Structure formats: structure tokens, C-alpha cells
Amino acid sequence: MLSDSGYDEWFAGHGERWLADGLSLARIVAVDRGRCMATGNAGEIAAEVSGRFIHEHDDPADYPCVGDWVALDIHGGLSAGVIHHVLPRRTWLRRRTAGQTGRHQMIAANVDVAFIVQSCHYDFCPNRLERYLFMVREGGVKPVVVLTKTDMVSAEALEGLVAVVHSVADVDVIATSAYSGDGVDAVKAAVEAGKTCCLLGSSGVGKTTLTNLLLGRELFATQHVSATGEGRHQTTRRQMVILSGGGLLVDTPGMREFGVIGPESEEGFVGEAVERLAGACRFHDCRHEREPGCAVRAALEAGTLSQERYDNYIRLRKEAAFGALSLHERRHRDKNFSKLVKSLKKQR
């Protein structure tokens, strides 16, 4: 049933019109080189977008990604389909495409919880964590930080890492170990029936190992860690699986560097360490740079806000503003180009 894949009243409100047109609804569970695997009432089928869809959408971000709901025409004895429409996305995870101004790449859509995975042993990086948090909250997704390989650090070191996470953001933290099994049940409990969760993190931090533990079997291949405790990259595509408890989990390839895209308004999307202080600034539109009465600058000078947190906030804010502006400019260009095409067609 569609509800097993997360279909609810919100999506029904956008999908019923396509059912009335004789199309079927399905959810994308994997994408590989433009080919999609989708699951619906007819089971799992291979699907690709229609020629008309290609003609009407020149931005790769508009194409189906893992987690999308699509309206498609099923043929080939219910084994294949042609995708005609992508339903509106309730939430999303996306990053700015390197070297392409105004373009962005979809990571997953319609995700309820994002597990931001960092290894205790070698990968832990507060700046990268803050970047992930920015991306997750920009898409309306709830973040949960998962620390892996806790068996490779002392209890005191683990306590210190958790404290660092809480200094960066007010977010739930789950400490796990694939060796001992600690924390795996806590992650399972966070993947509620009918909800979609996504694993995000660098290569080798243990995302695929965690997926296998949640599934209770070795469905996806993993590789042994190196002598330093660093895992080796294994996952090559985004894919969704259904857990025994009814929750849905998306595993993703590792990401070390990625650009963020800011929302139309910056309000509510600053680094949390700064956001906690910003309410005490004299001016509500304070940029926390040279304005008088700035509580953020005061905390920086007093040493209660670290220079590293402040510098990362400034970088993220500028990068997000640039990404949002670039996206707005591209949309404006595309809109004007569409008007020009329609005008030429009328003249003909």
C-alpha cells in the first residue's frame, strides 16, 4: 500500500488529481544514472521520465530524486513506468552544485528526520556539523546527530564530544557503536513507522554499517576500517529501504564538501550558537559585525562565544546569501526566457 511508503493526507491532496487522470502514484526509492526505481501499489518497478517532462524541465533539480512521489503510467506487465509529474516536495535536502551559479542538487525529498553522522575517532568536525545543520533546517527537516565508533574513544572523550555538539546546536545526540551495538536501538526508535529518515555524513563514518544494523542483515556491502579507524567509501548511490518497524531509511554517499543554499529570507537560519545570543542585540536586523549594542560581538569579546563559531557563522551567512541570490536570479532569467518563447510562438 502507498501508506507503507509514507503516503499521507498531505501528499494525497496533491496526488489525487493525477489518479483521476488515470495515472498511478509511486515513490522513488533509488536513482542511478537517470534510471529510477519506484514502489507503489503495483510493487517495485523501473521508471524513467517522459519526453515531455524532459522538454519542460531543464533544471536537474526538478527531476525525480529519492523520496519523491511521482505520477506515472505503468506498462510492460506492471514492470516498468513512465514518469509524467513529480508531486510537490514537503521537505528536501539539497546542496549547491559546484561551479554552477544558481544550480542545486537534490539529495533526498520528503524526509522527516536527518541523521547527521560523525565518527568520534577521526571525522568529528564542529564546522562541518554546523554546515549540515544549516542544510537540514533550510529544507524543513528535523536533525539528529549520530556519533559512531564510540568504542574507539574513552567515556570522558565521548562526553566532551557530546558537549561540543550541544554548544553548536540544541539537537538530540545518539552515541552508537557497531562493535558493541550501543545506541542502535535508540536510532531504531527514532525511525517511526511511516516516517522517512536519511543518513548524512562523510565517507567512511559508518552510515552503511548503521543501515545494515537497523535492517538486521547485511543488505549493503561494507569495507573494513583502516588502521586509523577510518572507514572506506562504499555507498555509490542514494537508496531507500523499509525497516521492519515500518520506518523508511535513505542511505547516501559520503559528502565532505558542499555548498549551502539560503532561503528567501535569512531569518531563523543562522548558526545556532549565534542565534541564541542574537535576541539580545540592540537592533533586530543586527548583522553582528560592527553594529553598536551587538550581543554576539560582546560574547565574542568576553570569550563566551568562540572565534571559530563566529567565523563559521559569517562564512555560512555569506555563502547562503550568495546561493539564495543566485537561485533567485536564475529563476528570474528562466521566467523572462519563458515569456520570450511564448511571445515568439504567438507571433508565428
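Is cysteine 120 buried or exposed, and what is its relative accessible area? Cysteine 120 is buried, with a relative accessible area of 7%, where buried stands for under 20% relative accessible area, exposed for over 50%, and partly exposed for the range in between (1.4 Å probe, protein chains only).

The model shown in these views is predicted, so that local features need pLDDT of at least 70 and side-chain atom pairs count only at pLDDT 80 or more, while totals for chains, interfaces and linings use all residues. Residues are numbered from 1 along each chain as its sequence is written, and side-chain values use heavy atoms, with hydrogens and water left out.

**View 1. The protein chain as a whole.** The secondary structure of the protein chain comes to nine helices and 13 strands, taken as DSSP runs numbered from the N terminus (helices: H or I, at least four residues; strands: E, at least two). Of its 348 residues, 47% count as buried. Among the contacts in the protein chain with a separation of 6 or more, 66% come from residues 24 or more positions apart, a contact being heavy atoms within 4.5 Å.

View 2. In one of them, aspartate 68 pairs with arginine 89, with the closest N and O atoms 2.8 Å apart. Because aspartate 68 lies in the loop between helix H2 (51–56) and strand E4 (69–75), and arginine 89 in the loop between strand E5 (80–86) and strand E6 (92–96), this pair ties together parts that are 21 residues apart in sequence. Both aspartate 68 and arginine 89 are buried. Glutamate 138 and arginine 94 also meet through their side chains in a salt bridge, at 2.7 Å from N to O. Here glutamate 138 belongs to helix H3 (residues 126–138) and arginine 94 to strand E6, so the pair ties together parts that are 44 residues apart in sequence; glutamate 138 and arginine 94 are both buried. A further salt bridge joins aspartate 123 to arginine 128, whose closest N and O atoms are 2.9 Å apart. Aspartate 123 is buried at a relative accessible area of 3%, and arginine 128 is buried at 16%.

**View 3. Helix H1 and the segment before it.** Serine 5 is found in the segment before helix H1 (9–20) and is buried, with a relative accessible area of 6%. Leaving aside residues up to four places away in sequence, serine 5 touches Arg27, Thr39, Trp69 and Leu248. Aspartate 8 caps the N-terminal end of H1, with a side-chain oxygen 3.1 Å from the backbone nitrogen of tryptophan 10. The twelve residues of H1 should span 16 Å at 1.5 Å a residue, and the end C-alpha atoms are 16 Å apart, which agrees; the expected span is 1.5 Å times one less than the number of residues. Phe11, Ala12, Gly15 and Trp18 are buried in H1. Seen down the axis of H1, these buried residues fall within an arc of 120°, so they line one face of the helix, the arc being that of the directions from the helix axis to the C-beta atoms. The buried residues of H1 pack against strand E1 (24–32), E4 and E5, whereas Glu9, Gly13, Arg17 and Ala20 are exposed on the other side. Just after H1, glycine 22 takes a positive phi of about 90°.

View 4. The 14 residues of helix H4 (residues 155–168) should span 20 Å at 1.5 Å a residue, and the end C-alpha atoms are 20 Å apart, which agrees. In H4, Leu158, Leu161, Val165 and Val168 are buried. They cover an arc of only 80° around the axis, which puts them on the same side of H4. An α-helix has 3.6 residues a turn, so residues three or four places apart point the same way. On the other side of H4, the exposed residues are Ala155, Glu156 and Glu159.

View 5. A search of the whole structure finds zero disulfides, a disulfide being a pair of cysteine sulfur atoms within 2.5 Å. For cysteine 36, which is in no disulfide, the nearest cysteine sulfur is that of cysteine 65, 9.2 Å away. Cysteine 36 is buried, with a relative accessible area of 3%. Tyrosine 313, found in helix H9 (residues 307–347), counts as buried at 3% relative accessibility. Tyrosine 313 and valine 274 are 39 residues apart in sequence, and their C-alpha atoms are 7.4 Å apart in space.

Conventions
Salt bridge = Lys/Arg side-chain N within 4 Å of Asp/Glu carboxyl O. Polar contact = N/O pair within 3.5 Å; in protein donor to acceptor, adjacent residues only side chain to side chain.
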